[in-house]
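Here are my notes for you to read with the model open beside them. Take the points one by one and find each place as you go.

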Amino acid sequence: MQAIKEPALPYDVQSAVTIGKFDGIHIGHGKLLDRIAKRRKDGLIPVVIALVMDGRHIYTAHEIRPLFEENGVGVLVEYGFDNRMRSMSPEQFVKEILAEGLHARFVCVGDDFRFGRNRGGDTTELTRLGKQYGMDTEIVAREKVDGSIVSSTRIRGLLDTGDVSGAAGLLGRYYFVSGTVVHGRKIGRTLGFPTVNLDVPEDKYIPVNGVYASYVTHRGRRYASVTNIGVKPTVEGHNKTGVETYIFDFDGQLYGEDIKVELVDFLRKEMKFDSLDILKGQIEADKNKARSILQ
């Protein structure tokens, strides 16, 4: 997959395009990606315009690129919602970005899609302009689960309560955090539970602080684990929010290695204990509970 910053293909090829924020690539997004991937049989390259917004994201740019690739995307356009985008009329957007920039012959969007200056264009306008500029247009109804629309906002709400299993149902996969293992304070090692630590990027949306049954993937191998997200309040000193994981049945050093931590189920809220000995006992209980869930 090729990633570019401007909505203009560097070569003369026709494309199938979808557009959106794609904060978490949930099951609704998956329908759009499937539609454009299927147009490869018509000689069209699948292109995603991912509108990059400020703030924290369910998956960071580093995490989300492989997900696009897994879904058959050929070109990813990471495009900022800048003044140029805000000032374009709906027709300018279709003509300059879709027709001229991306050579689009097929465009697929959700039924809530709005575009152009002051969000003046809707799906009816997109369909009309698509015909004018030689594009087939498909409007896809938003996905619903339990009678409610699947959205990134809904997923964030579940993460805020620790309901990572509910979030997984909307995402179509476990919510995960990925990154490079860094040195921690080695408190877990002194308690007999050596852990791996990930720093959380500032733009990463994380669940409520707490302890989770989890999986860790390293170099293609997946391990059962238990993960704490939070500030480790029992340990003295200032602690920034981090992801700390104890990997079951693993003996080795992972410093400097890239791993992925998938959160499977919420065990308990993070809490402060009166002593490290009490914390050690609770960690053992968390470990046993996580093993039971993951089995």
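**Notes on the model**

1. Let's start with the pocket lining: by class, the largest pocket is lined by 21 nonpolar, 13 polar and 15 charged residues. Here Ala, Val, Leu, Ile, Met, Phe, Trp, Tyr, Cys and Pro count as nonpolar, Asp, Glu, Lys and Arg as charged, and the others, Gly among them, as polar.

2. A word on what you're looking at: this is a predicted model, where local features need pLDDT of at least 70 and side-chain atom pairs count only at pLDDT 80 or more, while totals for chains, interfaces and linings use all residues. Residues are numbered from 1 along each chain as its sequence is written, and side-chain values use heavy atoms, with hydrogens and water left out.

3. Back to that pocket. Its space comes to about 1,200 Å³. On a 1 Å grid over the protein atoms alone, a pocket is an open set of points where a 1.4 Å probe fits, with protein on both sides within 12 Å along at least five of seven lines; lining residues have an atom within 4 Å of a point. The volume is the space filled by probe spheres set on the points, which are joined across faces, edges and corners.

4. Now zoom out. The protein has nine helices and 14 strands, and its C-alpha atoms fill a box of roughly 70 × 35 × 35 Å along the principal axes. Of its 295 residues, 48% are buried, meaning under 20% relative accessible area (1.4 Å probe, protein chains only). Among contacts with a separation of 6 or more, 75% join residues 24 or more positions apart; contact means heavy atoms within 4.5 Å.

5. Have a look at H6. Ser152, Ile155, Leu158 and Leu159 are its buried residues. They cover an arc of only 115° around the axis, so they sit on the same side of H6; the arc is that of the directions from the helix axis to the C-beta atoms. These buried residues pack against H1 and H7. After H6 comes Gly162, with a positive phi near 85°.

6. H7 (residues 164-171) is worth a look too: Val164, Ala167, Ala168, Leu170 and Leu171 are buried there. Because they fall within an arc of 165° seen down the axis, they line one face of the helix. Their cover includes H1, H6 and strand E14 (258-269). Gly172 follows H7, and its phi is positive, near 80°.

7. Is Ser89 buried or exposed? Ser89 counts as buried, because its relative accessibility is 18%. You'll find Ser89 in the loop between H3 and helix H4 (90-101). Leaving aside neighbours within four places in sequence, Ser89 is in contact with Gly116 and Arg117.

8. Last stop: Gly179, in strand E9 (residues 176-182). With 19% relative accessibility, Gly179 counts as buried. Not counting residues up to four places away in sequence, Gly179 touches Leu198, Glu257, Asp258 and Ile259. Gly179 and Val200 are 21 residues apart in sequence, and their C-alpha atoms are 8.2 Å apart in space.

Definitions and conventions:
Buried means under 20% relative accessible area, exposed over 50%, partly exposed in between (1.4 Å probe, protein chains only). Helices (H or I, at least four residues) and strands (E, at least two) are DSSP runs, numbered from the N terminus.
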